[in-house]
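I set out to record what can be looked up in this structure. The entries below follow the order in which I consulted it.

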Amino acid sequence: YQFSQDVKITMVLELPEFSEHSSLHIKVGEDTIFHNADTSLSNESLELLNKTFGPTDLYIGQYSASSPFPHVMDWDYSKKLENFSEHLNWSMRRCCDAINILEAKYAIPCAGPAIAFDSYTHEEKISLLKENEGAYDKEGLFKKIETGIGETSLLSMEPGDTVNLTELKK
């Protein structure tokens with residue numbers, strides 16, 4: 001959909017198409033933004049996007065599992081913790097892959113780890129927040145992402161923060 005001569009928004013569907021997960025490629029003048037809301041695009045799909053649209057100025061996307069898996073599974077605590085750690089590491093690798101393949105100059109990781117607290121005892125909740133290599137430590141997770149994204153500048157934002165892409169690019 002094109003709002004004006006200066007803004008163009010393209011919806012990108014995750015394959016297979018029946019998943020209905022989508023992302024947005026946004027072009028504002030000469031600036032490009034890729035918002036990867038809830039998709040897990042393959043490297044091949046990311047490479048096609050880069051070939052089609054060119055390098056991305058700003059990548060916005062999830063860096064962690066935004067689903068309640070494995071918290072809602074009927075498993076013991078240690079199995080949930082092990083699977084959560086694997087799922088988190090996979091999600092962070094996918095975030096780094098997207099940033100690198102799209103050649104993003106800047107990246108805003110968002111949608112951190114989700115948790116279904118009602119499936120844990122009080123002691124397990126406290127343990128989950130403290131263990132698992134800081135799974136809920138945003139600063140620690142961002143440091144891990146920074147090691148996997150080359151020259152891309154990572155932007156850490158809080159609710160209400162704004163970013164001016166024009167100012168960043170100066």
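How much accessible surface does the chain have, and what share of it belongs to carbon and sulfur atoms? I find about 9,900 Å² of accessible surface, with 53% belonging to carbon and sulfur atoms; the areas come from the Shrake-Rupley method with a 1.4 Å probe, and for residues only the protein chains shown count as cover.

I note that this is a predicted model, in which local features need pLDDT of at least 70, side-chain atom pairs count only at pLDDT 80 or more, and totals for chains, interfaces and linings use all residues. Residues are numbered from 1 along each chain as its sequence is written, and side-chain values use heavy atoms, with hydrogens and water left out.

**Entry: the chain.** I looked up the elements and found 5 helices and 6 strands, taken as DSSP runs numbered from the N terminus (helices H or I, at least four residues; strands E, at least two). Their order from the N terminus is β-β-β-α-β-α-β-α-α-β-α. Of the 170 residues, 39% are buried (under 20% relative accessible area; exposed is over 50%, partly exposed in between, with a 1.4 Å probe and protein chains only). Among contacts (heavy atoms within 4.5 Å) with a separation of 6 or more, 64% are between residues 24 or more positions apart.

**Entry: Asp 31.** I located Asp 31 in strand β3, residues 31–36. Why does Asp 31 count as buried? Its relative accessibility is 16%, and the cut-off is under 20%. Beyond four places in sequence, Asp 31 contacts Ile 26, Asp 57, Leu 165, Thr 166 and Lys 169.

**Entry: the aromatic pair.** I found 1 aromatic pair in the structure (ring centres of Phe, Tyr or the six-membered ring of Trp within 6.5 Å; planes under 30 degrees apart are stacked, over 60 edge-to-face, the rest tilted). The rings of Phe 34 and Tyr 59 are stacked, because their centres lie 6.3 Å apart and their planes meet at 20°. Phe 34 belongs to strand β3 and Tyr 59 to strand β4 (residues 58–62), so the pair ties together parts 25 residues apart in sequence. Phe 34 is buried at 1% relative accessible area, and Tyr 59 is buried at 1%.

**Entry: His 25.** I placed His 25 in strand β2, residues 22–28. His 25 is buried, with a relative accessible area of 4%. Outside four places in sequence, its contacts include Thr 32, Ile 33 and Phe 34.
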